[in-house]
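Please look over the following model.

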Amino acid sequence: MARDIEDNTAMDAKRFAALAEAYGGDLRRWPEAEREAATAFASSEAGQAISRHAGTLDALLDGYSVQHPGKALHDSILRAADRHLVRRRRQRVWWLGLGLAGIGLAGAVAGLALVSIVTPEAGSDHYVLDANATAFGDANPDAENGEESL
Amino acid sequence: MSADPDEELVRRVGAGDPAAVQALVARKLPRILSLAVRMLGDAAEAEDVAQETFVRIWRHASKWRRGNARFDTWIHRVTLNLCYDRLRRRREWVTDEMPDIVDPAPLPDSHPGEEAHRVERALQAIAPRQREAIILVYYQEMSNIEAAATLEISVDALESLLSRGRRALQTMLARDGGHD
């Protein structure tokens, strides 16, 4: 971007011709930083001759215009945009559903983990009293009475 | 860097706003189509390129963030890349190092309405990089800085492409006596 920061007063016929050769005769297309100096130089005899020469090709280029986009193309692009928007909305819903399912699954896993932590583990030495057991022994009529046998 | 005039519209397109989609098509389609028509010299192919460019826009709008380039610069680059794909497919690829004048066939006599055709043919006959530079600065009305950014070259390199391109056009158009 050196051209845009250099001193814009340094405009001579050589630079003016180089710019006209690149950008044509219309100063509105010229680099902004050099436009002011170029405008001043353009009124000189040399400037006018250079601009006139560049303007000849500009006039030919101006004659090459292209047609505006037709309705069919315009509508086709809008239809494609609609399809894209619908697809994106569906994707969003799908991801939302997947997210909710993921949250549900994570909740279930967390619940199971919590239950397994809080519930005490049944030990192998755990003694379960049955209905016939007393503090003095088994009151079951069929139970062997150790004391009587002594 | 100045504000990007398209930024807000693109953000709305990315959010799925149908009115913004319509506004973006109205704003950009004429520019994209004219760029493609002049690059390819074929209206039907240019329409395909315009459609493909918009598909890319819809796909990237929600993720588009302004980095070093404006949105307009980005879509010009996308369009030019798609044009180059087609030029390659047509086996019309010529490098910038090739001679400026590649079509030795005489141009048709100038009649009313034929001048545009002569310019179109001459434009198609110059090297693609020179054609790009002329189209961006002359027809797309980009500043030298925007055009250089689109082509990813320096302003000096852009001026060189423009000068060589214009000289080549002048030579070709003068050959049939229609231009001094």
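Predicted model: local features only at pLDDT ≥ 70, side-chain atom pairs only at ≥ 80, totals over all residues.

Residues are numbered from 1 along each chain as its sequence is written, chains are lettered from A and ligands numbered from 1 in the order in which they are written, and side-chain values use heavy atoms, leaving out hydrogens and water.

Chain A has six helices and two strands, where helices (H or I, at least four residues) and strands (E, at least two) are DSSP runs numbered from the N terminus. Their order along the sequence is α-α-α-α-α-β-β-α. Of the 150 residues in chain A, 25% are buried (under 20% relative accessible area; exposed is over 50%, partly exposed in between, with a 1.4 Å probe and protein chains only).

Over all chains there are 21 salt bridges, each a side-chain nitrogen of Lys or Arg within 4 Å of a carboxyl oxygen of Asp or Glu. One of them joins A:K71 to A:D75, at 2.7 Å from N to O. These two residues are four apart in helix α5 of chain A, so about one helical turn separates them. A:K71 is exposed, at 65% relative accessibility, and A:D75 is partly exposed, at 24%.

In chain B, B:D6 and B:K28 form a salt bridge with their closest N and O atoms 2.8 Å apart. The pair links distant parts of the chain, 22 residues apart: B:D6 is in the segment before α1 and B:K28 in helix α2. Both residues are buried. B:D6 and B:K28 also belong to a salt-bridge network with B:R27, B:R31 and B:D72.
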